[in-house]
Amino acid sequence: MSTYWLKLHDMRFPLRLGETLLGRSPYCSIVLNDNLVSRQHAVVHVTRDGLYIEDLGSRNGTRVNRALVTGQHPLYPGDRIQIGQQLIEVELGSREDRVRLDTLSVTGDHTLRPLEGALETPTEPGRAPQGSYSGAGAHEAPPASGAGAVQPLK
């Protein structure tokens, strides 16, 4: 099976077997920040037989190569999808892209760069490393009684 991508501006989104939801809602797989886009505007279906797009009853419609989509419309590499004012291009991924995606999804292998000022040694969850806080009261025990003391629940 081929690997397909959707290219929006300078970003590429891999399409996996199943459905990819496009729309304005933050719950969509690909979020389109455009007032002409419905919350759930269109869905791209990836099947073993190919790639299809379907408008989900949006007010402004979905176009492929300037033609209005009705029902399930097949997609091919090079097609241009217009949703609102957003232009999205369908791309066919190379074999190298597919290997890289499969490796990442199966093994989780990826390159991590250390953050500037990051700790050299890990700490226990929920515990700050020694010397990480030097503000007032950093190394003082909480008061046993009086103001600021922890009181039992009654």
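**Strands and salt bridges in a predicted model**

In this predicted model, residues 24 or more positions apart supply 38% of the protein chain's contacts that have a separation of 6 or more.

Trainee: How many helices and strands are there in the protein chain, and in what order do the elements run?

Mentor: The protein chain contains one helix and 11 strands. Read from the N terminus, the order of these elements is β-β-β-β-β-β-β-β-β-β-β-α.

Trainee: What is the strand order of the open sheet, and which strands are its edges?

Mentor: Six strands build this open sheet, in the order β2-β1-β11-β10-β7-β8, and their pairing is antiparallel. An edge strand pairs on one side only, and this applies to β2, residues 11-15, and to β8, residues 67-68. The edges are therefore β2 and β8.

Trainee: Which residue in β8 stands opposite R63?

Mentor: Strand β7 covers residues 62-64 and pairs with β8 in the antiparallel sense, over two bridges. Opposite R63, the residue in β8 is L68.

Trainee: How many salt bridges does the structure hold, and which residue forms one with E91?

Mentor: The structure holds two salt bridges. In one of them, the closest N and O atoms are 2.9 Å apart, and the partner of E91 is R12.

Trainee: How many residues apart in sequence are the parts that E91 and R12 tie together?

Mentor: E91 belongs to strand β11, residues 86-92, whereas R12 belongs to strand β2. The pair therefore ties together parts whose separation in sequence is 79 residues.

Trainee: What share of the residues in the protein chain is buried, and what share of its accessible surface belongs to carbon and sulfur atoms?

Mentor: Of the 154 residues in the protein chain, 29% are buried. Its accessible surface comes to about 11,700 Å², and the share belonging to carbon and sulfur atoms is 49%.

Terms used: Residues are numbered from 1 along each chain as its sequence is written. This is a predicted model: local features need pLDDT of at least 70, side-chain atom pairs count only at pLDDT 80 or more; totals for chains, interfaces and linings use all residues. Side-chain values use heavy atoms; hydrogens and water are left out. Helices (H or I, at least four residues) and strands (E, at least two) are DSSP runs, numbered from the N terminus. A salt bridge is a side-chain nitrogen of Lys or Arg within 4 Å of a carboxyl oxygen of Asp or Glu. Buried means under 20% relative accessible area, exposed over 50%, partly exposed in between (1.4 Å probe, protein chains only). Contact means heavy atoms within 4.5 Å. Accessible areas come from the Shrake-Rupley method with a 1.4 Å probe; for residues, only the protein chains shown count as cover.
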